[in-house]
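Please work through the following exercises with the sequence and the structure at hand, taking each solution step by step.

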Amino acid sequence: MWIPVELLWAYLAAVTLLTLTPGIDTLLVMRNTGRGGLGDGVVTSFGICCGLFIHATLSALGISILLVETAWAFTALKWAGACYLVWLGIMSLRQALAGSQPETASRRFSNPPDRASGRGAAVPRLASFREGVLSNLLNPKTALFYMALLPQFIDPAGPAFAQSIVLAGLHFVLSMSWQCLVAVMVLKSQKFQVGQGVKRALNGLTGGFFVAIGVRLGLD
């Protein structure tokens, strides 16, 4: 076995804490589930988790060293993530102020889900997948984990790339399981009749969080 058992257990403990800690990715899954139903949330989660393999590949190839040692590269990554978060927040705030979901993005709140099929209104799945991938790739918490901590769980006696992919695969399973559970909980909560004002307030709260996190990230 490439990865010693003690390293594997330590990694599972660390990555479980990382997964369960509420963050940008969880908020995005919740927002998109409320926007387009369970399918939208699952596709968003799949995009987020696919980004883990990109982080693992970059870490194994040593790109992380370049980002850590090159100040301008890391700053560019940080600002890209900050701008993306602010953009997501502005979109949510616009939805809250308009009182309805954009026609091209979603009509989740104006059209209740099909309870029999568990599917909501039609939402472009590619857009949801793209949002998930970008959210993960531009998430500094995930990037720093793979840059700084993932190498700590790699056995130097074995192939680094293969070990990185295996570890990312474990993270993929944990994250998909947790985020899909979150999506189901969001969907179940919508069986309660929530007023349009509450829905707008939730959109506004989510948008405010995205903008605040993005601004803080950019100024940190």
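The model is a predicted one.

**Exercise 1.** Describe the secondary structure of the protein along its sequence.

Solution. The protein contains 9 helices and 0 strands, and reading along the sequence therefore gives the pattern α-α-α-α-α-α-α-α-α. Among the contacts with a separation of 6 or more, 85% are between residues 24 or more positions apart.

**Exercise 2.** Determine how α2 and α6 are oriented to each other.

Solution. The axes of helix α2 (residues 24-36) and α6 come within 10 Å and cross at roughly 165 degrees. Angles over 145 degrees count as roughly antiparallel, and α2 and α6 are therefore roughly antiparallel to each other. The crossing in which α2 passes α6 is right-handed. On the α2 side, the residues that meet α6 include I24, L28 and R35, while those on the α6 side include R125, E131 and N136. The residues of this contact of α2 with α6 divide into 2 nonpolar, 6 polar and 5 charged.

**Exercise 3.** Is A127 buried, partly exposed or exposed?

Solution. A127 lies in helix α6 (residues 125-137). Its relative accessibility is 21%, so A127 counts as partly exposed, given that buried means under 20%. A127 and D40 are 87 residues apart in sequence, and their C-alpha atoms are 9.4 Å apart in space.

Definitions and conventions: Residues numbered from 1 in each chain as written. Predicted model: local features only at pLDDT ≥ 70, side-chain atom pairs only at ≥ 80, totals over all residues. Heavy atoms only, no water. Helix = DSSP H or I, 4+ residues; strand = E, 2+ residues; numbered from the N terminus. Buried < 20%, exposed > 50% of the residue type's maximum accessible area, 1.4 Å probe, protein only. Contact = heavy atoms within 4.5 Å. Axes fitted to C-alpha atoms, helices over the stretch in contact; angles between N-to-C directions. Parallel < 35°, antiparallel > 145°, perpendicular 65-115°, else oblique. Left-handed = near helix turned anticlockwise from the far one by under 90°. Nonpolar A, V, L, I, M, F, W, Y, C, P; charged D, E, K, R; others polar.
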